[in-house]
Amino acid sequence: MKLKFAITVLSLCTLSAIAHAGSITGTIKFEGQAPTMKPIDMKADPVCHAKHADEPQLNEVLVLGEGQTMANVFVEVIEGLPDKEWPMPEEPFVLTQAGCMYSPRVFGIRVGQTLKVLNPDGTIHNVNGLAIINKPFNKGMPKTLEQIEMTFDQPESFLQFRCDVHSWMRAFCSVMTHPFFDTTETDGTFEIADLPAGEYTIRATHEKLGEQTAKVTVTDDEPAVADFAFARP
Ligand SMILES: [Cu+2]
């Protein structure tokens, strides 16, 4: 994917009091004139439409915070980890469809971890998983079915979820073999914690603006910082 982008990687950080060792942090920003996100027309389903009566729901392809910080960028370690079994979260990961929008839109889950998908809307959704490496699935969720569960048995990046009832609904799930990943929120920041000291390659991926990688040195006593900037191609 050819992208014109600026990338800044600061491998040293001067913060010491608050950040802890063995971590990578950073901020991700959008550079240039940001496109205006349009409201989503949900009139096709009056239940969805009514849930956003006070304020229209904007398209979430690009979600920016103050200073054009970017939400929904998935950051993960892709090289440098020792080959071992990493501890698994005990809790399932929860994806909701409240207000006829997937939340979170972009997320990571572990191979074998339960994904709980909620339908609190009182309308029908279907969860169409366009898996390429895992087995594709398509599960209907009539309004009486408030919860389903699933797991994934293979790592896969940006497995896309769609709802065929509501064409605007999209989510992207990365199925991971380790816990060293994070998704930015509106403030654009991420933190990958508890990393053993070492040399790593990390990758930041946005659903539309592509991916970037950076090499980062993690030490026991100094957190590393990797900032990324994305722009329109
Ligand atoms: Cu739906």
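Leaving aside its neighbours within four places in sequence, which residues is Asn72 in contact with? In this predicted model, Asn72 is in contact with Glu60, Val63, Arg105, Val106, Thr183, Thr184, Thr205 and His206. Asn72 sits in the loop between helix 1 (46-51) and strand 3. With a relative accessible area of 12%, Asn72 falls under the 20% cut-off and therefore counts as buried.

The setting of that residue is a protein with one helix and 17 strands. The radius of gyration is 19 Å, close to the 17 Å that the globule rule gives for 233 residues, so the protein is as compact as a globular protein of that length. The C-alpha trace spans about 55 × 40 × 35 Å along its principal axes. Of the 233 residues, 45% count as buried. Among contacts with a separation of 6 or more, 66% come from residues 24 or more positions apart.

The charged side chains number 19 positive and 31 negative, and the centres of the two sets lie 10 Å apart.

Next come the aromatic side chains. A pair of aromatic rings is described by the distance of the centres and the angle of the planes. The protein has 10 aromatic pairs. One of them joins Trp86 and Phe180: the ring centres are 4.9 Å apart and the planes stand at 85°, which is over the 60 degrees required, so the pair is edge-to-face. Trp86 belongs to the loop between strand 3 (74-79) and strand 4 (93-96), while Phe180 belongs to the loop between strand 11 (170-176) and strand 12 (181-183), so this pair ties together parts that are 94 residues apart in sequence. Trp86 and Phe180 are both buried.

Another pair is formed by Phe158 and Phe172, at 5.7 Å centre to centre with 35° between the planes, and this pair is tilted. Phe158 lies in strand 10 (residues 156-162) and Phe172 in strand 11, so the parts tied together here are 14 residues apart in sequence. Both Phe158 and Phe172 are buried.

Aromatic residues also gather in a group. Phe93, Tyr102, Phe107, Phe137, Phe152 and Phe161 form one aromatic cluster.

Conventions: Residues numbered from 1 in each chain as written. Predicted model: local features only at pLDDT ≥ 70, side-chain atom pairs only at ≥ 80, totals over all residues. Heavy atoms only, no water. Helix = DSSP H or I, 4+ residues; strand = E, 2+ residues; numbered from the N terminus. Rg over C-alpha atoms; globule rule 2.2 N^0.38 Å. Buried < 20%, exposed > 50% of the residue type's maximum accessible area, 1.4 Å probe, protein only. Contact = heavy atoms within 4.5 Å. Lys, Arg positive; Asp, Glu negative; His and termini not counted. Charge placed at Lys NZ, Arg CZ, Asp CG, Glu CD. Phe/Tyr/Trp six-rings, centres within 6.5 Å; stacked < 30°, edge-to-face > 60°.
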